[in-house]
Amino acid sequence: MALDKVQLKEDFKALFTDMRTREENADDEFAERFANLMDAYIKTAKINYTSGLITPQGTVTGTFVGNLS
């Protein structure tokens with residue numbers, strides 16, 4: 001899956017809207033939720049590998065199959 005900037009923007013807006021309703025400082029909660037949004041967003045990246053490795057059968061290309069961690 002490709003990175004979804006539109007969804008990231010909507011997730012940020014929802015986070016900011018929710019945090020503005022707080023009557024007390026919630027910096028730790030905000031930081032945790034912000035980090036979780038970024039972590040989830042980055043882990044949706046799709047990596048297309050196009051060159052660099054060569055095997056006896058030829059150049060390795062394709063789509064990365066796995067997870068970012």
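What we have here is a predicted model, in which local features need pLDDT of at least 70 and side-chain atom pairs count only at pLDDT 80 or more, while totals for chains, interfaces and linings use all residues. Residues are numbered from 1 along each chain as its sequence is written, and side-chain values use heavy atoms, with hydrogens and water left out.

A search of the whole structure finds four aromatic pairs, where rings of Phe, Tyr and Trp (its six-membered ring) are paired if their centres lie within 6.5 Å, and where planes under 30 degrees apart are called stacked, over 60 edge-to-face and the rest tilted. In one of them, the ring centres of Phe12 and Phe16 are 6.1 Å apart and the planes stand at 25 degrees, so this pair is stacked. These two residues are four apart in helix α1, which puts about one helical turn between them; helices here are DSSP runs (H or I, at least four residues), strands are likewise DSSP runs (E, at least two), and both are numbered from the N terminus.

The cut-offs are under 20% relative accessible area for buried, over 50% for exposed, and partly exposed in between, with a 1.4 Å probe and protein chains only.

Phe16 also forms a stacked aromatic pair with Phe30, at 5.7 Å centre to centre and with 25 degrees between the planes. This pair links distant parts of the chain, since Phe16 lies in helix α1 and Phe30 in helix α2, 14 residues apart. Phe30 itself, at 27% relative accessibility, is partly exposed.

Helix α1 (residues 5-20) and helix α2 (residues 27-42) pack at an angle of about 170 degrees, with their axes 11 Å apart; the axes are lines fitted to C-alpha atoms over the stretch in contact, and the angles run from 0 to 180 degrees between N-to-C directions. That makes α1 roughly antiparallel to α2, the classes being roughly parallel under 35 degrees, roughly antiparallel over 145, roughly perpendicular from 65 to 115, and oblique for the rest.

Which residues make the contact, taking contact to mean heavy atoms within 4.5 Å? On the α1 side they are Lys5, Leu8, Asp11, Phe12, Leu15, Phe16, Asp18 and Met19, and on the α2 side Glu29, Phe30, Arg33, Phe34, Leu37, Met38 and Tyr41. By class, the contact has 10 nonpolar, no polar and five charged residues, with Ala, Val, Leu, Ile, Met, Phe, Trp, Tyr, Cys and Pro taken as nonpolar, Asp, Glu, Lys and Arg as charged, and the others, Gly among them, as polar.

Turning to the whole protein, there are two helices and four strands, and from the N terminus on the elements run α-α-β-β-β-β. Of its 69 residues, 10% count as buried, and among contacts with a separation of 6 or more, 39% are accounted for by residues 24 or more positions apart.

Let me close with two places where separate parts of the chain come together.

Leaving aside neighbours within four places in sequence, Thr63 is in contact with Lys46, Ile47 and Asn48, and the C-alpha atoms of Thr63 and Asn48, 15 residues apart along the chain, are separated by 4.4 Å.

Methods: Contact means heavy atoms within 4.5 Å.
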